[in-house]
Amino acid sequence: ENREPIAEGPGWVDVRAAHPTLPGQFRRIRLYDVAPQASPAQRQQVERQAQREYLLTSGLAHSGVVAARDYFDDPEAGPAVVFDDDAHSTPFERWLVGQRDSLTFEARLALLRQVGEVLRYAHSRGIHHRALTPTQIHVVEKPGQPVLVTVRDWQTGGLDPDAAGRTLAAASVWASSGGIDHLSHDNAVYLAPEAWGAHPDGARL
């Protein structure tokens, strides 16, 4: 198991872990920080953030959605969310540095189309990312396979309360915590402006 962070955000770090009995099988584990002196209310807030990431995506089945696979809550260490880990996945910004001069217009358009298809799929199931930035977009390149664009970090997402097939647990987490308070400043500038209102009305904006 490698405890060196491979990604981090406000209140969490991602580490890569090897399966203890299956060689070559890895998972990405998001560890949420609960301060030792945290009050019960503060701990519950962190738990809600982790639960959002798990519940909002656990029912989604799309190759472009990086969905949570499991959720744990250790009384001492705090909550953790488990994801599949793909060694071929590269953050979009880093991938683009090495590809920008060779990407044709058609290739660029295909990448954007994939992002749009991922969001359309999520929207059709009542999930809205709300804070999509280049940081949340990854590119997966495997020999002999088409380039795949994936979207991750859905914990700030919104849930349509009328969406069919969503669990009561997910609806409860969505209603009780907006999630946007956990955004970094760099990511907050991408947030849909109507999300800051108590009763957002996207049509009026």
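**A walk through the model**

Modeller: The protein chain of this predicted model averages a pLDDT of 80, with 77% of the residues scoring at least 70; pLDDT is the predictor's confidence in each residue, from 0 to 100. Residues are numbered from 1 along each chain as its sequence is written. Local features need pLDDT of at least 70 and side-chain atom pairs count only at pLDDT 80 or more, while totals for chains, interfaces and linings use all residues, and side-chain values use heavy atoms, leaving out hydrogens and water.

Biologist: Which elements have the lowest and the highest mean pLDDT?
Modeller: Helix α4 (residues 168-176) has the lowest, at 49, and strand β9 (residues 148-151) the highest, at 96; helices (H or I, at least four residues) and strands (E, at least two) are DSSP runs, numbered from the N terminus. Over residues 200-205 the pLDDT is below 50, and beyond near neighbours in sequence that stretch has six contacts in the model, a contact meaning heavy atoms within 4.5 Å.

Biologist: Switching topic, how many salt bridges does the structure hold?
Modeller: There are 10, where a salt bridge is a side-chain nitrogen of Lys or Arg within 4 Å of a carboxyl oxygen of Asp or Glu. One of them joins R28 and D14, whose closest N and O atoms are 2.7 Å apart. R28 lies in strand β3 (residues 26-32) and D14 in strand β2 (residues 12-18), so this pair ties together parts that are 14 residues apart in sequence.

Biologist: Are R28 and D14 buried or exposed?
Modeller: Both R28 and D14 are buried, which here means under 20% relative accessible area, with exposed being over 50% and partly exposed in between (1.4 Å probe, protein chains only).

Biologist: And what does D84 pair with?
Modeller: The side chain of D84 meets that of R69 in a salt bridge at 3.0 Å, N to O. This pair links distant parts of the chain, with D84 in strand β5 and R69 in strand β4 (residues 68-74), 15 residues apart. R69 counts as partly exposed, at 47% relative accessibility. Elsewhere, salt bridges that share partners join D14, R28, R30, E53 and D153 into one network.
Modeller: D84 also forms a salt bridge with R27, at 3.7 Å from N to O, and that pair bridges strands β5 (residues 78-84) and β3, 57 residues apart.

Biologist: Now helix α3, which of its residues are buried?
Modeller: They are L111, Q114, V115, V118, L119, Y121 and A122. Seen down the axis of α3, these buried residues fall within an arc of 160°, so they line one face of the helix; the arc is that of the directions from the helix axis to the C-beta atoms.

Biologist: What covers them, and what is on the other face?
Modeller: The cover includes α2 (92-99), β7 (127-128), β8 (137-140) and β9, whereas the face turned away from the buried side carries the exposed residues F105, E106, L112, R120 and S124. After α3 comes G126, whose phi is positive, near 85°.

Biologist: Last one, how many aromatic pairs does a search of the whole structure find?
Modeller: It finds two, counting rings of Phe, Tyr and Trp (its six-membered ring) whose centres lie within 6.5 Å, with planes under 30 degrees apart called stacked, over 60 edge-to-face and the rest tilted. Y54 and Y71 form a tilted pair, 6.3 Å centre to centre with 35° between the planes. Y54 sits in helix α1 (residues 40-57) and Y71 in strand β4, 17 residues apart.
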